[in-house]
Amino acid sequence: MSAAEERSSATVTILGAGSLGTALAASLWRSGRRFRLWTIEEDVAASLRTYRENVKYLPGVKVPKDVGVETDLGAAMEDAGIVIFAVPSHAIREVAHRVSPFMPSDAIVVSAAKGLEREPLLRMSEVIAQELPEGPASRIVVIAGPSLAPEVGDGVPTGVDAAATDPGLARAVRMALAMKRFRFRIRRDVAGVEAGSAFKNLYAIGAGICDGLVLGYNTKAALLTKALQEMVLCAKTLGGKSSTVHGLSGLGDLIATASSPRSRNRTLGEHLGRGHKVVEITRGMVSVTEGVDAAYCAHELAARHNLRIPVAEMIYRILN
């Protein structure tokens, strides 16, 4: 076994028991593989231990009894070979900082977070790398694609991009996590994968606004076509490639997030289109709508680099 293959056969620790983290634990567990799910929320941990279900964030999806549930970070990280960050983008730095003292020196780190840090517009892998020790910081793999948490949890066939500067690391993650109904495409373009998965959320809000205004499919199709062009422009500005944005983590994720009634960002936009205010809509939501931060980041990126992204700017203005 290579070193990467040995790490891929070790314990998988998922940081964050929101909808995505719970869905990954439910769908990617397999017999013989140790999985741990860490959460800071005692009520979520109690729900998972008692009912094997995350009643708060992902009701109806059963988590196998063999998946350990931890609120103690040190216990969750013991002997971890692969560590998946599945917390919202705004919490990535804090969680990475907290987990740093417990991070095994040979672990592979996987970022499943979608977004950018507002200041200074860093990608999630860059934020994580700044907080972790040198070894794990050099072994970060980014995964992104059309992966709505309820569908992942239900075992719906899903394909995502796995990107790393060292393709061997991405292959090790694929070896550890790939299932018959959960597949990975290996890429080197980390920036492109992260940019596509971040900015598609704000355009999903725009698609929802179209739905709320009952503008029809023609209007939404025109908006999303322009959105894809703007996503490419933003990705290139961050160092990504247009071909990556036209793949699973860009176009694929945009289609799913902009069309599904299960998409939080599209749902937020639909309520906006019906005349509701952002504060009214988000007051009763337990999950984060990443598109709000993505709109701010797109606005800032455009201002700093003189980008012309009128659809993103209009969505930003509506949100604010």
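I looked up the largest pocket of this predicted model and found about 1100 Å³ of space in it. Here a pocket is an open set of points on a 1 Å grid over the protein atoms alone, with protein on both sides within 12 Å along at least five of seven lines. Volume is the space filled by probe spheres set on the points, which are joined across faces, edges and corners.

I noted 45 lining residues for this pocket, with G18, S19, L20, P88 and R264 nearest its centre; a lining residue has an atom within 4 Å of a point. By class I recorded 21 nonpolar, 13 polar and eleven charged residues (nonpolar: Ala, Val, Leu, Ile, Met, Phe, Trp, Tyr, Cys and Pro; charged: Asp, Glu, Lys and Arg; polar: the others, Gly among them).

I then checked which elements contribute at least two residues to the pocket lining; among them are α2 (19–28), α10 (190–212) and α14 (264–273). Strand β4 gives the largest share, four residues. Helices (H or I, at least four residues) and strands (E, at least two) are DSSP runs numbered from the N terminus.

Next I searched the whole structure for cavities, sets of points where a 1.4 Å probe fits but cannot get out, and found one of 30 Å³ or more.

On conventions, residues are numbered from 1 along each chain as its sequence is written, and side-chain values use heavy atoms, without hydrogens and water. Local features need pLDDT of at least 70 and side-chain atom pairs count only at pLDDT 80 or more, while totals for chains, interfaces and linings use all residues.
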